Amino acid sequence: MPETGKRHPDEGSRDGIMHDHEPDLTGLTCEGEHDRGETFIKPGERVDDLELSDLRIIQDPARFCFGMDAVLLSGFAVAPEGSDCLDLGCGGGIIPILMSAKTKAAHLTGLELQEDAAYMARRSVRMNGLEDRIDIVRGDIREAAGIFKAASFDVVTSNPPYMTADHGLVNPDPAIAMARHEICATLDDVVSAAAHLVRSGGSFYMVHRPFRLAEIICTLRTHGMEPKKMRLVYPYVDKEPNMVLIKAVRGGRPRMEVDKPLIVFDAPNVYSEEMVRDYGF
């Protein structure tokens with residue numbers, strides 16, 4: 001029986017398709033008092049309660065665990081009622097799944113390169129009964145313009161790799177390395193794809209690291225995406241920010257709003273009031 005528990009956001013481990021050659025699901029069932037019927041869990045995986053609208057997600061503790069950054073991005077992104085949304089590099093599907101409950105978007109699509117992550121995301125979508133609202137597509141961000149029609153989404157989101165390919169030590173596990181380092185998609189690749197796929201006046205939401213903020217803004221503008229809103233995330237009130245949430249609008253006019261800082265912890269292991277109230281930590 002798979003391990004089941006509350007959500008486990010792991011900031012250090014993140015992962016982003018065609019429905020061909022899907023593995024055999026026979027015998028991979030999830031049992032338990034909250035079983036919703038036909039769910040499929042592999043040995044070693046766990047099912048985490050997202051504590052939102054009775055949603056759950058399948059995770060592999062050794063590889064595909066979502067981070068706090070994904071949770072914050074899902075709260076920062078605004079998807080108008082009836083909108084069509086795309087998440088570039090969706091990993092295990094955490095952002096589309098959370099946004100299905102947090103927004104009234106008509107449809108959400110996740111694009112993911114890694115086969116194992118895409119398969120896991122599809123199983124989580126099925127487990128939550130969200131097949132009518134969420135599609136997981138296997139494909140490369142660099143080829144997204146050939147997978148989806150231009151300007152076909154109202155909102156695009158992304159939680160991309162933060163490190164350039166030559167920054168720091170690269171994890172020997174290819175899946176983790178691709179999640180953390182720009183091995184298969186650079187910042188420019190992600191922004192270029194978002195600019196091509198979002199409609200004129202549509203929004204792109206991204207979470208990244210503040211040390212690349214100047215590069216982020218320049219890259220957005222190079223691709224006709226005007227930065228419109230930014231929020232810095234601080235682990236503690238007296239520490240430097242370690243995340244930045246940013247919104248850009250395709251063809252928007254210059255003028256950026258900077259939100260008040262988001263403080264994660266008031267003290268060690270004590271989440272701030274805002275984190276508890278708005279994000280359920």
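Student: Where does asparagine 269 lie?

Tutor: Asparagine 269 lies in the loop between β13 (265-267) and β14 (270-271). Helices (H or I, at least four residues) and strands (E, at least two) are DSSP runs, numbered from the N terminus. Before going further, please note that this is a predicted model, in which local features need pLDDT of at least 70 and side-chain atom pairs count only at pLDDT 80 or more, while totals for chains, interfaces and linings use all residues. Residues are numbered from 1 along each chain as its sequence is written, and side-chain values use heavy atoms, with hydrogens and water left out.

Asparagine 269 has a positive phi of about 65°, although it is not a glycine. Most residues other than glycine have a negative phi. With a relative accessibility of 75%, asparagine 269 counts as exposed. Here buried means under 20% relative accessible area, exposed means over 50%, and partly exposed lies in between (1.4 Å probe, protein chains only). Aspartate 54 is found in the loop between β2 and β3, and it is exposed, with a relative accessible area of 56%.

Let us turn to the aromatic residues. Rings of Phe, Tyr and Trp (its six-membered ring) pair if their centres lie within 6.5 Å; planes under 30 degrees apart count as stacked, over 60 as edge-to-face and the rest as tilted. Four aromatic pairs are found in a search of the whole structure. In one of them, the ring centres of phenylalanine 148 and phenylalanine 153 are 5.4 Å apart and the planes stand at 85°, so this pair is edge-to-face. Phenylalanine 265 and tyrosine 271 form an aromatic pair that is stacked, with 4.8 Å from centre to centre and 25° between the planes. Phenylalanine 265 counts as buried at 19% relative accessibility, whereas tyrosine 271 counts as partly exposed at 27%. Ring pairs also bring in Tyr236, which is linked with Phe265 and Tyr271 in a cluster.

Charged side chains come next. A salt bridge is a side-chain nitrogen of Lys or Arg within 4 Å of a carboxyl oxygen of Asp or Glu. The search of the whole structure finds twelve salt bridges. Among them is the one between arginine 277 and aspartate 278, whose closest N and O atoms are 3.0 Å apart. Arginine 277 is exposed, with a relative accessible area of 53%, and aspartate 278 is partly exposed, at 39%. Salt bridges link Glu273, Arg277 and Asp278 in a network. Another salt bridge joins arginine 212 to glutamate 215, with 2.9 Å between the closest N and O atoms. Arginine 212 is buried, with a relative accessible area of 4%, while glutamate 215 counts as partly exposed at 37%.

Just after α7, glycine 224 takes a positive phi of about 75°.

Helix α3 is mostly covered, as ten of its 13 residues are buried, including Tyr119, Arg123 and Met127. Elements that cover the buried residues of α3 include β2 (46-49), β3 (56-59), α2 (94-102), β5 (107-112) and β6 (134-138). The charged end of arginine 123 sits over the ring of tyrosine 119, 4.4 Å from its centre; this requires NZ of Lys or CZ of Arg to be within 6 Å of the ring centre and within 35 degrees of the ring normal.

Key: Contact = heavy atoms within 4.5 Å.
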